Amino acid sequence: MDSGDSNQRNKTARKIMIDLSIMTVIGIVLAFVGPFGSFAEPLAYRLVSWVSFAWIGYAIYSPMSWVVDRLYVALELPRPGLWVAAVALATVPMAAVVWSMGFLPGPVRMPTLDQALSSYFYVFLVGGGITAFFYMLETRSTAAEVQPEPKLAEVEMMRDVSIPEPAPNDASVEKEAAEPASSPRLLGRLPAELGSEIIALEMEDHYVRVHTALGSELVLLRMRDAMAELDGIEGLQTHRSWWVARGAVEDVLRAGRNVRLRLARDIEAPVSRANISVLKDAGWI
């Protein structure tokens, strides 16, 4: 099993458990506040209703993150606009759930147009607000987990102070000349089990997912800073959110005007239309 993928699955499971705990707290708070006229209902009823709404809402709105990421890569549209559209879409089934649960256990009647629009508006406000809260919370919490790497200059200074280097002789000079170039600095940010072959970089919000031949890992870096730490690995930026190593390309996939590069581990990197001619000139396509 891919250790990088296994670690990612563990992180995802842990995130879901934390998110559901937060949604439970949000549901309890809303039950005590009793917004949108629900305060007239008994507290027990409000607790069951709002916690249920919170959990169902998480199940409906949470997958929108995956949708936004895929549309961002495919369409190259601004993320804020994609998030607004995704929340607006997810609010449709959520509003239907909220309306239906108000009639349980009896039969559910169809709303009028005014009732449907009013219900949609209130659900959009609550769902959009909670989605924005989770987005900010996730960004800050993930950033806090990423420890800054020691600067290269500081490492070299510590090495120079602690272990004096012997004066070079002819043999050491010849050995040093025969050794290959130093490894890319970006490797120092990755777990050792991911190996030393970087095949692609993928931008995810404020992070870069570094793909290697053995797995992947998220690193808190801007794309341009991550590319600067590749230290001479031959490759090109195929999309504003992707960089690909030349040696990792196994096939070129075409679907109409869309072009994607198949890499090792069945990874597919998109090629923006503006970069197709660049890859052709470089002999990739």
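This short talk walks through one predicted model, from the whole chain down to a single serine.

Before the details, a word on conventions: this is a predicted model in which local features need pLDDT of at least 70 and side-chain atom pairs count only at pLDDT 80 or more, while totals for chains, interfaces and linings use all residues. Residues are numbered from 1 along each chain as its sequence is written, and side-chain values use heavy atoms, with hydrogens and water left out.

The chain has nine helices and eight strands, taken as DSSP runs numbered from the N terminus, with H or I over at least four residues for helices and E over at least two for strands. Of its 285 residues, 31% are buried, where buried means under 20% relative accessible area, exposed means over 50%, and partly exposed lies in between, with a 1.4 Å probe and protein chains only.

Five strands form an open sheet in the order 3-2-1-5-4, with antiparallel pairing; two strands count as paired if DSSP finds at least two bridges between them. Strand 3 (216-219) and strand 4 stand at the edges with a single partner strand each, so one side of each is left without a neighbour in the sheet.

Next, the packing. If we leave aside neighbours within four places in sequence, L201 is in contact (heavy atoms within 4.5 Å) with residues including V208, V210, M227, S241 and W242.

That list brings us to S241, so where does S241 sit? S241 lies in the loop between strand 4 (235-239) and strand 5 (242-245), and S241 is buried, with a relative accessible area of 0%. The side chain of S241 also makes a polar contact with the side chain of H239, at 2.9 Å; such a contact is a pair of N or O atoms within 3.5 Å, where within protein one must be able to donate a hydrogen and the other to accept it, and residues adjacent in sequence count only if both atoms are side-chain atoms.
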